[in-house]
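Look at the model first, then read on.

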Amino acid sequence: MTNATDMTHTYADLPGLMGLMTGDEKHGPAATSTLDVLWVLYDRVLRVSPEGMADPERDRFLLSKGHGPMAYYAVLAAKGFIPVEWLPGFGSYDSPLGHHPDRTLVPGAEIGSGSLGHGLPIAVGTALGLRAQGLDEPRVWALIGDAELDEGSNHEAIAFAGPAGLDRLHTVVVDNSSASYARPGGIAARFEAAGWSALTVDGRDHEALYAAFTAPHPGRPHVVVARVEPKSA
């Protein structure tokens, strides 16, 4: 669970923090769709802290849905990973906060992201690497969008992780009905067919999200499909 030095910010502060960032209104819905998932993860689930990003026992959070990262930056600021003072400079030429996160510039970011379809395969490799090192406690979390399931790389990752029994791997699919192709039986069924544990919840309900994120899934990777309002055309 996050243990930041500055814990004065609450969920109610997030709209104000997001409002400090302008210039990427096109991806506003992409950002706001992830807000509740990100908050519950960083506030109640992830074992990470600004001081512990070099700790090999930390949890790893990989934001694959990297376009429109304003909610991500707001949560990182609220939890003390980055200064709030960075937020108004979002997207400017000399700001570390780009329109896609850069792990070499943004404290707390595990990967650079934004090109869809990369985060879940990287998460699978991360889980395998931790297993190979004998690190059994760290959990790996990847946040993807439902439209990313149009990318074949994700289906290769899904198909591998289940039989491999990567039970430290967790994926959150934020479903705002933006995918081009429907999934027979729904998104959760696609993961279940590959041997994953799967739950579908209201992506705005914090208690439902927390219960789904912490549900036991021995021997299997776990996916939570977080349904939110459809993206406007």
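Helices (H or I, at least four residues) and strands (E, at least two) are DSSP runs, numbered from the N terminus. Just after helix α4, Gly-80 has a positive phi of about 85°.

The model is predicted: local features need pLDDT of at least 70, side-chain atom pairs count only at pLDDT 80 or more, and totals for chains, interfaces and linings use all residues. Residues are numbered from 1 along each chain as its sequence is written, and side-chain values use heavy atoms, with hydrogens and water left out.

**Helix α4 and the cores**

Buried means under 20% relative accessible area, exposed over 50%, and partly exposed in between (1.4 Å probe, protein chains only). Nine of the nine residues of α4 are buried, so this helix is largely enclosed by the rest of the structure. Among them are Met-70, Tyr-72, Tyr-73 and Leu-76.

A nonpolar core is a set of buried Ala, Val, Leu, Ile, Met, Phe, Trp, Tyr and Cys residues joined through side-chain atoms within 4.5 Å. The largest such core has 44 residues, and those touching the most other members include Val-37, Tyr-73 and Phe-213. Elements that each supply at least two residues include α1, α3, β1, α8 and β5. Helix α4 gives the most, with nine residues. Apart from this core lies another, of 26 residues, among them Leu-120 and Ala-188.

Two packed helices are described by the angle between their axes and the distance between the axes. Here axes are lines fitted to C-alpha atoms, for helices over the stretch in contact, and angles run from 0 to 180 degrees between N-to-C directions.

| Item | Value |
|---|---|
| Helix α3 | residues 35–45 |
| Helix α8 | residues 206–213 |
| Angle between α3 and α8 | about 60° |
| Distance between the axes of α3 and α8 | 10 Å |

Angles under 35 degrees count as roughly parallel, over 145 as roughly antiparallel, 65 to 115 as roughly perpendicular and the rest as oblique. Helices α3 and α8 are therefore oblique to each other. Contact means heavy atoms within 4.5 Å. Residues making this contact include Val-37, Trp-39 and Val-40 of α3, and Leu-209, Tyr-210 and Phe-213 of α8.

Which residue other than glycine has a positive phi near 60°? That residue is Ser-177. Ser-177 lies in the loop between β3 and α7 and is exposed, with a relative accessible area of 52%.
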